[in-house]
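Welcome, and thanks for taking a look at this chain. Please open the sequence and the model side by side before reading on.

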Amino acid sequence: MNHNDLLNNLKDLASHETNRCQINPHARWKVGLAYPNTYFVGMSNLGQHIIYKEINDRDDSVCERYFMPEKKEFEAYVKTKTKLMSIETQRPMSQLDVLAIGVTFEMDYFNLPLMLKHGSIPVFSKDRTEFDPIVLAGGPCVTFNPEPFAEFIDACIIGEGEGITGQVLDVIYQGKEEGLDRQQILFNLAQLPGVYVPSLFTPKFREDGRFDGYDVAPGVPKTIRRYYEPLTKEGETVIATDYTEFGAMYIVEVARGCGRHCRFCMAGYCYRVPRIRDLEQLKAGVDRAAELGKKVGLMGAAISDYPQIDELVNYIRSKGIRYSCASLRADSLTQDVVDGLADSGQKTITIAPETGSDRLRDVINKGITEDDLRKGALLAAKSGVHHLRFYIMIGLPTEEEEDIQAIVDLAVRTCKYMEEVGSKGRLTLSINPFIPKPFTPFQWMAMDKQKSVEKKLQYIKKALQKDRRIEVLIESPKEAYIQGVLARGDRRLSQVLYQCAMDRGSKSFKKELKAAGIDMDQANYREREMGEPQPWDMLDMGLREGYLETEWYKAVAGKFTAPCMDGCKRCGVCDQ
């Protein structure tokens, strides 16, 4: 594969897209929107679509997309010394004024140095000159803890990108027009709400290597409040293509945030308050999907919680198109929703009980019961959807042997109930090790040890292996423990990630951690003390001081926290 082949591959991807944006490649300012994974994965990310449209709607800017090439294609980029190029015009990344990177998953951190290096942009922000693009980052991982990759980034958007992206670009453009140097522009960016500039925060460490807070540059706010706005604009697919993880699907965001207060869920704490989109706005998105003949993908933390969900799904069905849902809750599932999924050809209903025991569901504040799960199975059977999938986590706080047995028992009872209601389908258990995340009540806890988790997984598989109705799918525990280090790590990990990227990626992680003097077991298995400095302490999600600690103690006691409601001032976010 030569240079021309690489160019033609990008042109071919663009030729199979339907783009609702009219871009002007000759606009004054050139902005790149990068996703540190393949086109196939990145084009499934709705946030990329939303920000792409926001930037291209400006008269002074053109926004073009960059992705990590597939493995064989990437090898050709390296061999031919071809710089990473955009989908739209094959513009080399190094020719941009601004590069904005969306970071959604921890395992994508390993691709950040590679994309920068092969885009001919200095990997470390300290090495960039006035001729290099200003590198921004946003997305879920940036919002809860950008420190592991902070040395690669000039400025981070904390929270949601809509609205603040335009303000950030205005500051950059004005600074460049006035001839300000790079550091002054970054200082000016740090004055914006929701913008974190890592170079203005110097991390401190104790003699034993533990993180010990920051020295903050003079004139810079010591905390960065998460940025978000009401959902007044559309949130849906901008560039339609069949070549994505979701296939030929048109994504429509129904709601953002979740008010259910599941204590393990970062999104439930970092994206409060829960907000919904207007039904008429969603119908307009459905109409656009129908014009393209696309299946609608309803996106949100809990689709079945949408107040007008039955009206929405019946409208989709009236247009003669199919739909699917990103997530469903057993206690808010309706027959209309399930009937529509059945008509759309869906063979499986997915529900997340998270664990097998009522006690542990109380600990994590899941708020559903086994009766709710049975209701889901009954609704599915009535509609002709015979297969169920349960998302399960192991290694949750206070978990005991009885809780692992409860997973097995729940699976057996569920299959029996499925038979009783006339379903001869399969039950799939999708099981993952639990990873504590920042800004949740479990941020201080130690992960369950890997050997313990592997033993529990083997027990579940062995206990259920003779039941042909039950399928057990397990994610790699090894990868989960890498994610565990990255989720709560500090800035020293930037060097580790760089060395991994230059070697064998995540396969080099343990070796490079050791070389950097970081103990992987300590990072994952040490219980943090409440009040000790954490790498994400400079970020503010709007939660009242002491709120997460209170939720931790309620978790240990198995006490319930009610969902968000109008007029509630419990967590502090709505006081702002």
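## The chain as a whole

Please keep in mind that this is a predicted model. The chain holds 21 helices and 21 strands. Its radius of gyration is 24 Å, close to the 25 Å that the globule rule gives for 576 residues, so the chain is as compact as a globular protein of that length. Along the principal axes, the C-alpha trace spans about 70 × 60 × 55 Å.

Of the 576 residues, 59% count as buried.

## Surface and charge

The chain exposes about 24,300 Å², and 49% of that area is supplied by carbon and sulfur atoms. As for charge, there are 77 positive and 83 negative side chains. The centres of these two sets lie 4 Å apart.

Let us move to some strand pairing. Strand S17 (residues 348-354) pairs with strand S18 (residues 387-394) in the parallel sense, over five bridges. Two positions of this pairing can be looked up directly: Ile349 stands opposite Leu388 in S18, and Thr350 has Arg389 of S18 as its bridge partner. In general, the side chains of a regular strand alternate between the two faces of the sheet.

S18 also pairs with strand S19 (residues 427-433); these two run parallel and are joined by seven bridges. Here Arg389 turns up again, with Thr428 in S19 as its bridge partner. Back in S17, five of the seven residues are buried, so this strand is largely enclosed by the rest of the structure.

Pro433 lies in strand S19. Is Pro433 buried or exposed? Its relative accessibility is 7%, and because buried means under 20%, Pro433 counts as buried. Leaving aside residues up to four places away in sequence, Pro433 touches Ile394, Val453, Pro477 and Ala480.

Glu419 is placed in helix H15 (residues 401-420). At 48% relative accessibility, Glu419 counts as partly exposed. Glu419 and His386 are 33 residues apart in sequence, and their C-alpha atoms are 9.8 Å apart in space.

## Backbone details to check

A few backbone angles deserve a look in your viewer. The peptide bond from Arg272 to Val273 is cis, with omega near 5°. Val273 has its place in the loop between helix H9 (266-270) and strand S14 (275-276).

Which values of phi belong to Lys81 and Gln90? For Lys81, phi is near 55°, a positive value in a residue other than glycine. For Gln90, phi is near 60°, again positive in a residue other than glycine. Lys81 sits in the loop between helix H4 (71-80) and strand S4 (98-102), and Gln90 is found in the loop between H4 and S4 too. Lys81 is exposed, with a relative accessible area of 76%, whereas Gln90, at 13% relative accessibility, counts as buried.

Technical notes
Residues numbered from 1 in each chain as written. Predicted model: local features only at pLDDT ≥ 70, side-chain atom pairs only at ≥ 80, totals over all residues. Heavy atoms only, no water. Helix = DSSP H or I, 4+ residues; strand = E, 2+ residues; numbered from the N terminus. Rg over C-alpha atoms; globule rule 2.2 N^0.38 Å. Buried < 20%, exposed > 50% of the residue type's maximum accessible area, 1.4 Å probe, protein only. Areas by Shrake-Rupley, 256 points an atom, 1.4 Å probe, with all protein chains shown as cover. Lys, Arg positive; Asp, Glu negative; His and termini not counted. Charge placed at Lys NZ, Arg CZ, Asp CG, Glu CD. Pairing = 2+ DSSP bridges. Contact = heavy atoms within 4.5 Å.
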